[in-house]
Amino acid sequence: MASPDEESPAPTEPERWRDLDMLLSRPGNLVDANFDPSPGLRDTLGSLVEVLVVGAGGLGCELLKDLALSGFKNLHVIDMDTIDVSNLNRQFLFRVQDVGKSKAEVAAERVMERVSGVNIVPHFCRIEDKEIDFYSQFSIIVLGLDSIEARSYINSVACGFLEYDSDDKPIPETLKPMVDGGTEGFKGHARVIVPGSTPCFECNIWLFPPQVKFPLCTLAETPRTAAHCIEYAHLIKWNEVHPGKHFDADDAEHMQWIYSEALKRAELFGISGVTYSFTQGVVKNIIPAIASTNAIVSAACALEALKLISGCSKTVSNYLTYNGLDGTHINVSEFVRDKDCLVCGPGTLIELDTSSTLSEFIKMLEEHPKLLMSRASVTHEGENLYMQSPEVLEQMTRPNLGVPMFELLKGAARATVHVTGMAENNGKKVSSLRKLRVAFKGVEKNSKMDTTESF
Amino acid sequence: MAAAAAAFAEPKTKYDRQLRIWGDQGQAALEKADICLLTCGPTGTEAMKNLVLGGVGSVTIVDGCLGQSRAKSVCSFLQELNDAVNAKFVEESPLALIDTNPPFFSQFTVVIATQLPERSLLKLDSICREANIVLVAARSYGLTGLVRISVKEHTVIESKPDHFLDDLRLHNPWTELKQFAKSTDISDKDPVVHKHIPYIIILVRLAEKWADAHDGHLPSTRQEKKEFKDLIREHMLNLDEENYKEAVESSYKVSVTPGISDDIRQIIDDSSTEVSSSSSDFWVLVAALKEFIANEVNGELPLEGTIPDMTSLTEYYVSLQKIYQAKAESDCLALEHHVKKILKRIDRDPDSISRAYIKAFCKNARKLRVCRYRSIEEEFGSPLLSEVQKYFTDEDYCFAMNFYVLLRAVDRLAANYNRFPGIFDSEIDEDVPRLKTAAVSVMSEMGLNGASLSEDLITEMCRFGGAEIHPVAAFIGGVASQEVIKLVTKQFVPLPGIFIFNGIDQKSQVLVL
Ligand SMILES: [Zn+2]
């Protein structure tokens, strides 16, 4: 089969954009107060705005295409995964020949082939591998993820950029809005997060309850279902038989072993329902996914991104759920911010003596009842004060540990610093980013900031 | 996996994530389906992309857009997505095809009509209804749009609802279940056994105890239900016995209303249960179900036959599973007997409905769904006026109702002026009152005199100028494809009415007119 490019030259530029330009060039009654319609608006926004798409999977592929066809010209995409055969039923930018390659790289290439004038920079790495500064270049971040941890991380990064003025009002220039999508089978959600004004991911973390695990005694003593037999083989038997050997869910031999052990156990107890496919589903916690739901949720996210950036209409306020199981149900809920949120609030206040050193400061974070953050790295206005890793940076910044913070922060009465380290989230210690406000005792105060929070 | 090793993708692996939703049967139905798309602009292409990825049998693209042959290029794009799909194209205007070649459509399972004007849609609808072809119409228009289904009847066995009460029959246990419960010592002295007696047994035993003390009645009032919970708690050895906690939480299952739900009653009472040789298998089964219920002492539906996981010793749980399965199997056999009798009566081969089908029907007897759609002509000619008026005054539905009227009005205006309102910047100001006039005439034909439209939305419609912007097209196309999947697999429940997209604040709604 000939490649589509040979068969179908892309539509000419004005033709492709005529419809979108109509929407962006005319005034309306139901638009954002900042909407400034003009025939050149699409071009201006397209060249000024940089968009980051996090994830190049089922949602990410759709998002890249939808954003590129919504007039965005500068896109980045970040994903650490490679393409698997089971992605092909919905991740439409990938072909059988692409299996094993980087999702971000293939997705970027395919969209650029099809939509002329669009530039997409792929990043084949973990989101935590990027410097925080990398994220500051984007006007908007669109999330197409299936993990709570990754959402939480990006959320803390985007909220970390937010600064508050002396009246505790968010400073508009520091706002980094996010649009987040998620799907499971016939259901999905799309939400808009404007840090400081709408709830952030952490404000409504209860929307994503942690997965319930089977009690070990059930697995060991009173198995009743196929899933119990599978988890017994996976969590107990594997370690008994292969002490010290790491279980790899992507290794077909490992999976086959779990399956046959689960099957044996099921037969022993008279339990039915253990199949290879079900074993994979339980062990890998596979979330069913289909093209149509991904398309619907991504389209909603891309439309919200377009409206947020251009102001050409209102935006969803602030959480949309989609359910296609019985009819097509769309529900919009307006959630409220948690005013004490550690992530999107003005930042936890830490009071220091002018003599307190950086190393004492790091110790304080470990003991701080709200933060409980260990192994903290500290930055201030993009400058590394202390980095736990990589080694070369650790060595470079180590001399700072003995220096008073007051000196490192250039004698300011108060300052905002960012710390990354391990902190408790949903009962697990995970890599976290926190924004902190540091104030020095006894130093001339020129604002009422330090009275707004106490603990 | 190495790239070379995967040059050919095993369908089982490729479709793994969707097989977990609709299973092999759903997939087989998709692979048998022939889908026709009318007009392959962004909305139509998006819808087809999702269906081709899912592995439908064949797609046929009809588009008359000249120049670079849109039909051909979209077809090659779709083919590239999945080589297991047979992709074809017809370079002809859908409007002309509807006018000149109605038999063309009878070869398909589903026709997806996108961006069709009202006049052609009406004609296509009558063609599809005549031939019993499912029609899904989708339209993107600026920041609004709609998706609608038209077919005389669509019946669903596997509606797969999200939350549905377990079929435990605790309010009405059959002999074997009662006997098993009786044979289990719920006051076993061994604390390990005591805290591993499944709540089904606890509830059957204690419900019986309750009934003995209350003239054979089960707890029904709030107070009684509370007292019943206390009765359960009295049997706990200590407060952390999970099985007893589950029994307290599930105690309401003892008090469910016996017999058949109103929804199923309505299906059983439907005139289609007067079956003839032309009846569908579904209605033959419903007719059999009706006889089954009439012959059952308890007047219950066939038992589903599965139980949820609960704290229990393995042996108790497995025994219970077997008791439920056995009852379900015997119910299924009884129903099969009625099916065969009915088939004989209507001169059909008594074995012409497979046992697997009957089994699936029994398992889902509480969840059957019948969806019927009025023809578009009926809806236009005699809308459900009370519904329309309700929608207009309901804050949640008002935008959707306005969009419905305006989407019809733009077609009317286009029929007169040969263009959509607001296409030309210079005529927007004149088009606003023109569109309003057209909308008023739509409303008066619907029998609505005096209802007022939102001036803001009329102006918005003119600003849209019929634009098909991509994210809206992707959304509408996505919804259309999802409805097609539900209709083809006969699983889950399709839209009951017209889905009206609201791209302004995303508060989209479904109108039943
Ligand atoms: Zn927050």
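In this predicted model, 16 residues of domain 1 of chain A are in contact with 10 residues of domain 3 of chain A. Chain A is divided into domain 1 (35-209 + 289-333), domain 2 (216-284) and domain 3 (348-440), and the centres of domain 1 and domain 3, taken over C-alpha atoms, are separated by 30 Å. Across this interface within chain A there is 1 salt bridge, and the side chains of A:R437 and A:D168 meet in a salt bridge with an N to O distance of 3.6 Å. The side of domain 1 of chain A that touches domain 3 of chain A has 9 nonpolar, 3 polar and 4 charged residues.

Between the two chains, 85 residues of chain B are in contact with 80 residues of chain A. The salt bridges between chain B and chain A number 7, and B:E80 and A:R95 form a salt bridge through their side chains at 3.2 Å, N to O. Across the interface of chain B and chain A, 34 residue pairs are in polar contact, both residues being at pLDDT 80 or more. Among the elements giving two or more residues to the side of chain B that touches chain A are α2 (16-32), α14 (314-345) and β9 (498-502) of chain B, while the largest share, 12 residues, comes from α21(B). By class, this side of chain B has 41 nonpolar, 23 polar and 21 charged residues.

| Interface | Buried area | Share from carbon and sulfur atoms |
|---|---|---|
| Domain 1 of chain A and domain 3 of chain A | about 970 Å² | 47% |
| Chain B and chain A | about 6700 Å² | 60% |

Methods:
Residues are numbered from 1 along each chain as its sequence is written. Chains are lettered from A and ligands numbered from 1 in the order in which they are written. This is a predicted model: local features need pLDDT of at least 70, side-chain atom pairs count only at pLDDT 80 or more; totals for chains, interfaces and linings use all residues. Side-chain values use heavy atoms; hydrogens and water are left out. Domain bounds come from an automatic or database domain assignment. Contact means heavy atoms within 4.5 Å. Buried area is the accessible area (1.4 Å probe) that two parts lose on being put together, summed over both. A salt bridge is a side-chain nitrogen of Lys or Arg within 4 Å of a carboxyl oxygen of Asp or Glu. Ala, Val, Leu, Ile, Met, Phe, Trp, Tyr, Cys and Pro count as nonpolar, Asp, Glu, Lys and Arg as charged, and the others, Gly among them, as polar. A polar contact is a pair of N or O atoms within 3.5 Å; within protein, one must be able to donate a hydrogen and the other to accept it, and residues adjacent in sequence count only if both atoms are side-chain atoms. Helices (H or I, at least four residues) and strands (E, at least two) are DSSP runs, numbered from the N terminus.
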